[in-house]
Every structure is written in structure tokens, then in C-alpha cells.
Amino acid sequence: MSNQLSDRINSVTPSATLEMAAKARELRASGKDIIGLSLGEPDFETPDYIKDAAIQAINDNYNSYSPVDGYVDLKKAIITKFKRDNNLSYELPQIVVSTGAKQSLYNVAQVILNPGDEVILPCPYWVSYSDIVKLADGIPVEVPTSLENDFKMTPEQLEAAITPKTKMLWYSSPCNPSGSIYSKKELRALADVLIKHPQIIVVSDEIYEHINYGVTKHASMAEFDDMFDRTVTVNGVAKAFAMTGWRIGYIGAPAYIARATNKLQGQVTSGANCIAQRAVITALEESPDRIQFMVDEFKERRKLILGLLNEIDGFKCNEPEGAFYVYPDVTAFFGKTLNGTKINNASDFSMYILEAANVATVTGDAFGNGNCIRISYAASVKDIKEAISRIKEALK
């Protein structure tokens, strides 16, 4: 029988981070000692106070369908969190809880974009943005940035990228994969461009908000009165709370967008997992200080991995201000042959590191920037030291 799959799914690129993780698992299963620095997943356990809340929910017999847009008391906890941490004032109809922030993003794209609408993506961007846009029949418009500018888009670049077809701007801060953080001043400068183009809706992905090393204070585009009604603030608990598998994300959005995502979600997945929702109430109601120990540890690992990478000729690094990735420029290796392997691009380099050093990373091509690779330091100090030692040896 011939291939009956849709053009839509055939046009989708598999997630490079998940693909590399699968390749690493396959190699481990074959007996190879692979160090995985590819996945964006904290290596900490979910804090006990959150797990205890989930256990209590089970004992309290939370086992029925939940409301499509989330339990009311969870939505109230999200509203409190937005006000406490971001100085954003949302009401219940503006909050929608989903099965992970990835679904939140997908929902927004589906309810806003029409065929041919353009979405500006500052590069590098999170690996799924481009394909989520394409699945909604939108057109990703990539705006290159540079390591020298800490991978941040300038107002001039934003203005140049806007056309009559521009419908949205998507960005993350702190950024996955670069760890860059837009300051409030920098966001204001972008907003000053956007107010001239009132048709553009902004998606501000703030999933790494709490993994911030204190150089630049976290800021939200929706803080500005003239941008609040045009901004969808996306967040969740996967990264800062070490809850990747719990699959809870949420948005604060203009009410008409929230209603539309609720309508869509009701026909796709319905409400998110009831036990996870109850646990997230506790996660958000407690002070962020309770997860600071993880941030402090990530900061130490950042110092370690940057020090080790800067000892390798050919790696060019900036200092990320948040998240748990480094995003080194590896163009010095392009055109070279390493132990019989020709390196033409970041994908070749990342695959060479996997095969020659048994270290899994992710090519920058997946993030819209082919000069770099992403290395996660959400790993033990032992694994980080061993991984960078192996990479150094493989590049001799």
C-alpha cells in the first residue's frame, strides 16, 4: 500500500533533541557508554513537598475528568504567581492549563494563524517553534542573531523582518538554547517597534524564568500596558521545578485567545492530568525560594562547563544568564577533517562528537543557527567533567 500520510505530517521535522536522545539510548542499549548532554531536563528529583501534594490528591480521590482549562484553584494559583513574580494581573477567563507548555504553544498557533501568516522567530529559537508554526500553516521568518550580541534580536532587526503578513512574534527568555535573557529595557525597545504594528501578537515563552543567575532581572513583555492585550505569556513547571514528566503548562492571555485555546483543547486532549494539576497548585503557591537550591547548583555547573570549554581551541562561548545550556560557536571546525571525518556544519560536528567521544549534544541547525551546538549542563559534575574531557580528546 502506498504512503497515505498527510502532506502536513510529512512536512514536519522530527524534534532534534528527542531524536538525539533516542540515538543516545540506542547506543547505550548496544553497550556504549554515552554521556547525554542533549536533553533539556533537570537531573534533580521533583521536590518532596510537590510529590506529597500529588499523593494527597490520589488519597483524596482526584480521578475524574478535570475542567478543560484547568481546576479553578489551580488557575487562581497561576494568577497569584503571575502577580507575585511578574507583576501581571490576569483574571480566571484569561488562564488556560494544558498538557505541557508545548501544547500551550501549539494551541496558540492553531487559534491565531491563518495560511500564509508570518511568525518572526529570533534565532536561535526553541527547536519546536518552527514546526509548530508550520503545522498551523504559518510561515516562520527567522531573524539571525550573533554570539557577540548574546543571541538577542535588536529593534532594527525586528523592524526589518515585519511585513504586511506578519501576525506574531515568538521568543523565549531565558532562551533555549542560548540562555540569553532580554532585559526590561531591551523588551521595551522591541515593544516600541511593535506598537507601530498593532496586528502583531507576541508569544513570550518564560518556561525558564526561575533559572536565572542574577545578572539580568526577569521581565515580561506583558508588563507594558500597551502590550498586555497583545501578549500571550507561556509558562509551566517542567524546568524550574524538575517536573518534566508531569506535563503541565499554562498561558495568561487576552480573554478571546484563552477562550479559543480552551475550545480547541476541548476537542483534542480535554483537561490536563488531574493529579499533576493538584501538585502544581502546591508548586506555585510555595515561594520560589524553595527551588533556589537547584538554580544555585546549575550556576556552579555553568561556571565549570564554561571553564572547561574555554580550554578547547575552536570553541567560542558567551556566558549565558539563565536556563541550563551553553551554546558555543564551533565554526572553527567547519571544513576540517577530524580523524577521517569531514566536518561541514554543526550537524556533522555534533554527530562526530557522539560517535568519537560518546557524548550526545544537539546541532544548532535545529535551533535556526547552524554555527553552534547546544550542550546541556543539567548533568552531574562528574558527567560534565568526563564529557568535556572526551570531547577535548576527540578533537586532537
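**Close-up views of a predicted model**

**View 1. Lining of the largest pocket.** The lining of the largest pocket divides into 11 nonpolar, 7 polar and 6 charged residues. Here Ala, Val, Leu, Ile, Met, Phe, Trp, Tyr, Cys and Pro count as nonpolar, Asp, Glu, Lys and Arg as charged, and the others, Gly among them, as polar. The model is predicted: local features need pLDDT of at least 70 and side-chain atom pairs pLDDT 80 or more, while totals for chains, interfaces and linings use all residues. Residues are numbered from 1 along each chain as its sequence is written, and side-chain values use heavy atoms, with hydrogens and water left out. The largest pocket has a volume of about 520 Å³. Of its 24 lining residues, Gly40, Lys102, Trp126, Lys239 and Arg247 are the closest to the centre. Two or more lining residues come from each of α2 (16–29) and α5 (101–112). α5 gives the most, with 3 residues. On a 1 Å grid over the protein atoms alone, a pocket is an open set of points with protein on both sides within 12 Å along at least five of seven lines; a cavity is a set where a 1.4 Å probe fits but cannot get out; lining residues have an atom within 4 Å of a point. Grid points are joined across faces, edges and corners, and a volume is the space filled by probe spheres set on the points. Helices (H or I, at least four residues) and strands (E, at least two) are DSSP runs, numbered from the N terminus.

**View 2. The second largest pocket.** About 380 Å³ of space lies in this pocket. It is lined by 19 residues, with Thr13, Ser15, Val127, Ser128 and Asp131 nearest its centre. α6 gives the most to this lining, with 5 residues. At least three lining residues come from each of domain 1 (7–45 + 291–395) and domain 2 (50–288). These domain bounds come from an automatic or database domain assignment.

**View 3. Serine 130 in helix α6.** Serine 130 is found in helix α6 (residues 129–135). Serine 130 is buried, with a relative accessible area of 8%. Buried means under 20% relative accessible area (1.4 Å probe, protein chains only). Beyond residues up to four places away in sequence, Serine 130 touches Leu121, Tyr125 and Pro140. Contact means heavy atoms within 4.5 Å.

**View 4. The largest cavity.** A search of the whole structure finds 2 cavities of 30 Å³ or more. The largest has a volume of about 80 Å³. Its lining includes Tyr125, Phe151, Trp170, Tyr171 and Ser172. By class, the lining has 10 nonpolar, 1 polar and no charged residues. Strand β5 (residues 166–172) supplies the largest share, 3 residues.

**View 5. The second largest cavity.** This cavity holds about 30 Å³ of space. Among its lining residues are Asp150, Lys152, Glu319 and Glu321. The lining divides into 2 nonpolar, 3 polar and 4 charged residues. Domain 1 and domain 2 each give at least three residues to it.

**View 6. Strand β6 beside β5.** 5 of the 5 residues of β6 (residues 201–205) are buried, so β6 is largely enclosed by the rest of the structure. Ile201, Val203 and Asp205 lie on one side, Val202 and Ser204 on the other. β5 and β6 run parallel, joined by 5 bridges. Two strands pair if DSSP finds at least two bridges between them. Serine 172 has aspartate 205 as its bridge partner in β6.

Conventions: Buried means under 20% relative accessible area, exposed over 50%, partly exposed in between (1.4 Å probe, protein chains only).
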